[in-house]
Amino acid sequence: MSKPVILTGLRANNDLHLGNYLGALLPIVELQKAYAGEYQVNLFVPDLHSFTTPIDHSKLYDQTMHNLKIFVATGLNLDDKDSYIYRQSYIPAHSELTVILNCFTYMGELSRMTQFKEKGQGKQGISAGLFDYPVLMAADILLYGAKYVPVGADQTQHVELARDIAIRVNNKFGELFTPPEPENAQIEFANKQQRLRIRDLVNPEKKMSKSDETGKGVIFLGDSPEIASKKIVGSTTDSIGSVNYDYEKQPGISNLLDIFAALSGESIESVISKYKGQSQYGQLKKDVAEVVSKFLSNFQSKLNSVDESALLSKLEYSEKTMNHTANHTLLNVQNAVGLRKE
Ligand code: ADP
Ligand code: TRP
């Protein structure tokens with residue numbers, strides 16, 4: 001019997017940042033530890049997703065390999081025989097299944113995806129790739145029958161769409177896919193209260209994002225501790241003059257409290273009670289800057305000592321094995337839709 005699958009992917013369109021780390025990367029590494037032996041873990045770089053918005057293509061390959069190293073520095077255990085790391089484009093079944101699933105996905109559904117609306121807003125020359133991106137993501141999930149998909153809040157809608165597509169195709173052709181679990185079960189499994197959404201430090205109404213052109217409000221995992229501290233100390237707050245955890249009225253302050261809690265390992269309740277009502281924001285900023293600096297120097301020294309040859313052999317083995325699994329699912333689908341009789 002194959003084990004149930006936990007799966008996530010992080011695009012390689014820029015260096016990863018604190019939001020990616022806390023929203024998706026750390027959760028899957030923690031799940032790998034918590035459920036060792038019970039689940040299969042797939043952590044991959046969706047390299048084909050990386051240029052749905054424009055990038056510098058000369059950097060993509062190196063960034064992809066760098067992200068794989070980041071997975072290991074985060075604590076992913078390469079010795080776990082039930083875990084796999086791979087690059088999406090090295091498994092052609094992802095692209096093939098996308099073309100098939102496109103015909104079972106509605107234009108209306110894709111038009112409603114908030115990320116498409118946000119990323120396309122006010123931009124000229126929006127690519128069909130950006131529009132179709134959630135279908136490729138559905139293929140990523142459904143090829144391996146992933147039940148749990150730890151992602152940040154911005155990706156919830158895409159995971160739900162993958163579930164809808166799976167159920168729709170199953171209704172038409174029989175049990176081809178394992179739909180990912182619904183949202184509430186995903187959150188419960190990850191032992192979280194909600195999906196995380198770390199905010200941009202300059203504009204805390206927005207999420208922290210790799211695609212941000214200036215990078216001023218983003219803490220990249222490659223930022224020096226000094227630069228990161230400056231970004232925290234200079235972060236946008238408000239003029240209310242009292243620390244409260246309230247994203248409606250004080251998104252900047254609430255974000256700092258969340259970052260502090262996530263990196264220090266303290267519960268958000270205890271962090272709130274420590275700072276609540278303080279009339280100056282300086283102490284909170286200083287403390288967050290310190291915890292972020294410590295985290296970065298520790299993380300970067302782990303990154304420098306990643307065993308690259310172990311990583312490459314795990315990658316080679318994973319891509320071979322996952323090609324096998326993905327081709328098996330793809331063939332079932334091809335048979336069902338009438339492309340094959342095998
Ligand atoms: P970005 O939008 O920064 O380019 P990706 O789209 O590649 O990031 O996201 C990779 C993973 O990181 C996804 O699971 C996504 O939900 C998560 N993520 C991205 N930004 C944040 C954030 N600000 N807070 C929490 N999780 C995030
Ligand atoms: N779309 C995700 C993002 O932009 C990345 C991604 C691609 C992904 N395929 C996936 C995440 C499959 C989880 C599962 O963040």
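This is a predicted model: local features need pLDDT of at least 70, side-chain atom pairs count only at pLDDT 80 or more; totals for chains, interfaces and linings use all residues.
Student: Which residues lie nearest the centre of the largest cavity?

Tutor: Strand S1 (5-9), helix H1 (18-34), helix H5 (114-120) and helix H6 (128-142) each supply at least two residues of its lining. By class, this lining divides into 14 nonpolar, 12 polar and seven charged residues. The lining has 33 residues, and those nearest the centre are Gly 9, Asn 20, Gly 152, Asp 154 and Gln 155.

Student: How much of ligand 1 does the protein bury?

Tutor: An oxygen atom of ligand 1 is 2.7 Å from an N or O atom in the side chain of Arg 11. Polar backbone atoms also approach nitrogen atoms of the ligand: one of Ile 198 at 2.7 Å and one of Met 208 at 3.0 Å. Taken alone, ligand 1 exposes 530 Å², and the share of this buried by the protein is 99%.

Student: Which element gives the most to the lining of the second largest cavity?

Tutor: The second largest cavity holds about 160 Å³ of space. Its lining has 16 residues, with Pro 150, Val 151, Ala 190, Lys 192 and Arg 195 nearest the centre. H1 and helix H8 (183-189) each supply at least two lining residues. With four residues, the element that gives the most is H1.

How values were computed: Residues are numbered from 1 along each chain as its sequence is written. Chains are lettered from A and ligands numbered from 1 in the order in which they are written. Side-chain values use heavy atoms; hydrogens and water are left out. A polar contact is a pair of N or O atoms within 3.5 Å; within protein, one must be able to donate a hydrogen and the other to accept it, and residues adjacent in sequence count only if both atoms are side-chain atoms. Accessible areas come from the Shrake-Rupley method with a 1.4 Å probe; for residues, only the protein chains shown count as cover. On a 1 Å grid over the protein atoms alone, a cavity is a set of points where a 1.4 Å probe fits but cannot get out, and a pocket is an open set with protein on both sides within 12 Å along at least five of seven lines; lining residues have an atom within 4 Å of a point. Ala, Val, Leu, Ile, Met, Phe, Trp, Tyr, Cys and Pro count as nonpolar, Asp, Glu, Lys and Arg as charged, and the others, Gly among them, as polar. Grid points are joined across faces, edges and corners, and a volume is the space filled by probe spheres set on the points.
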